[in-house]
Amino acid sequence: MKKNKYILILLLLVVGLPMVGCSDLEEEPVGLLSPDGFFSTTQDIQTAVNGALTHAINEEIWGRKLSISLLLRSDMVNLQSAQQHRVEMDMHSITGDNEMVYDPWYRIYKGIAAANNAIAGAEAVNDPADIKNPVVAQAYFARAFYYFHLVRLFGSVPYIDAPIEDVEVASTISCSSVSDIYSHIISDLEYAEQWLPVSHSVPQGAAAIPTKGAASSYLALVYLTRATTDLAGGSSADFTTAYNYAKKVINSGVYSLDDNFQTLFNANDIDTSPEPIFALDYNNVEADDNAYDQTAPMTGIRSDDDDQGWSVAVPVMAVYDSFDPQDYRTRVSFQTEVTIGGTTVDYTQFDISGHEHAGNMPYIAKYTRFPGPYARGNKRATSHNYSMIRYAEVLLIAAECAVETGDNAAALMYINEVRARARKGGASTNGGYVAETVPASAVPADLSGTVTVADVIEERRIELAFEGKRWYDIKRRKLGDVVFGPTGLEGAKPDWNSSVDYDTPIPQDEIQRNSNLKNADF
């Protein structure tokens with residue numbers, strides 16, 4: 001259904017949703033909050049912040065619409081569906097009428113509106129700064145998190161940093177430049193880094209609450225992205241700044257690589273992992289307003305006795321073949337054997353069910369193998385903690401920046417640390433299914449000699465496969481003409497046009513209502 005609301009009317013509201021409180025969603029609606037009259041204590045600020053972060057786990061963002069669109073727009077996942085909005089994402093023929101465009105757009109701006117209300121409302125709270133500001137910092141972090149997605153998706157967008165009460169003003173607002181948006185994101189993250197705590201006392205789901213390390217990690221990624229993105233206002237100095245932020249996280253001693261790569265995608269064990277830095281926590285509650293996880297069934301195998309997936313977003317064989325079979329990450333990332341109708345088959349017979357969407361190729365296993373105790377039969381509504389940024393990515397950010405700043409010894413050290421963890425192997429169990437245990441070996445071997453940017457980007461492709469990172473890497477490094485060309489993993493994408501397809505079109509309804517919503521950089 002098309003939305004028929006002004007985006008900036010939405011910015012007046014914090015839409016009522018269950019809230020993310022520490023680890024668990026609490027069934028307490030925020031209601032329609034306004035800075036006036038609601039905020040009197042720091043807990044009131046926390047309530048608004050919880051509402052802001054809850055929007056991210058909605059079906060319209062990481063529950064399905066945005067997470068799946070990022071997979072389809074990459075060169076790692078093919079489409080097993082004829083639905084037009086998904087076809088557009090997969091083939092890069094995206095229009096402004098696509099629900100996978102306007103649903104994330106509206107939902108992200110709702111999250112921003114909630115963060116803005118928390119920040120504005122905090123001005124009425126008289127608690128001491130050391131009590132109030134760490135909570136306000138969560139709102140600054142949330143706003144930066146949402147705008148970082150928006151600017152990478154759309155380019156120029158309206159930048160709103162306060163509640164708007166004048167509808168006339170709302171209906172005539174213009175887009176801000178990409179450069180200005182990046183400056184605002186950095187400013188918000190700097191405030192967050194200053195005031196957020198190093199860690200939280202809650203033992204479970206702590207990665208879902210922003211910390212100082214989360215702000216530092218995102219500053220590293222933002223500066224790296226700005227340095228490699230046209231129109232972002234960055235420079236070569238941004239590589240050094242990104243490098244320094246990444247090293248700050250690495251040297252903090254707060255985070256480390258999990259010994260078992262599988263744990264990162266095991267909803268039963270992830271809460272004790274030392275690796276996630278900031279995560280979206282789907283923690284055992286199917287909340288109102290579609291605030292639950294559907295990524296698992298979207299990537300699951302049709303009619304698998306265990307998963308009962310929907311066979312929508314599936315890698316092609318060339319993607320699977322591009323992974324070394326002796327690399328433990330291959331076994332964790334791909335599902336190659338299932339039981340269908342009581343018969344155990346390998347990926348060459350996944351269509352045994354007779355369903356037209358079932359495909360004979362290895363499927364994505366990261367989200368279907370260990371979805372947690374709450375997941376339904378088809379793995380809807382999982383208990384996953386989806387890592388938005390984790391320690392391995394920070395190591396690879398440091399490696400990429402080290403390459404760009406001429407520190408080859410450090411680049412080797414950081415990238416090889418990630419590769420060494422992949423050699424450790426491990427065991428993966430799920431009911432009657434046991435993935436092969438991979439002993440320590442030389443696969444993947446340490447890199448030697450000169451590390452290139454291409455080496456780091458390839459390591460990111462393997463390490464962060466199917467985690468919503470690849471499309472952003474393709475865009476910031478301008479890889480589209482190669483990866484979507486005839487030699488690409490999915491073959492040529494005939495609709496790919498590098499002059500327009502790196503940016504997502506702003507929803508057409510928005511432009512019809514407000515002609516000022518044009519790209520500010522052109």
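Contact means heavy atoms within 4.5 Å. The model is predicted: local features need pLDDT of at least 70, side-chain atom pairs count only at pLDDT 80 or more, and totals for chains, interfaces and linings use all residues. Residues are numbered from 1 along each chain as its sequence is written, and side-chain values use heavy atoms, with hydrogens and water left out.

**Exercise 1.** Determine which residues Phe141 touches, not counting residues up to four places away in sequence.

*Solution.* Step 1: the partners of Phe141 beyond that limit are Leu189, Ala192, Leu196, Pro210, Ala214, Ala215, Tyr218 and Phe278. Step 2: ring pairs also link Phe141 into a cluster with Phe145, Tyr146, Phe148, Tyr182, Tyr218 and Phe278; rings of Phe, Tyr and Trp (its six-membered ring) pair if their centres lie within 6.5 Å.

**Exercise 2.** Classify the aromatic pair of Phe145 and Tyr218.

*Solution.* Step 1: the ring centres are 6.1 Å apart, with 90° between the planes. Step 2: planes under 30 degrees apart count as stacked, over 60 as edge-to-face and the rest as tilted; the pair of Phe145 and Tyr218 is therefore edge-to-face. Step 3: Phe145 lies in helix α7 and Tyr218 in helix α10 (residues 212-227), so the pair ties together parts 73 residues apart in sequence.

**Exercise 3.** Is Phe145 buried or exposed?

*Solution.* Step 1: buried means under 20% relative accessible area, exposed over 50%, partly exposed in between (1.4 Å probe, protein chains only). Step 2: Phe145, with a relative accessible area of 5%, is buried.

Definitions and conventions:
Helices (H or I, at least four residues) and strands (E, at least two) are DSSP runs, numbered from the N terminus.
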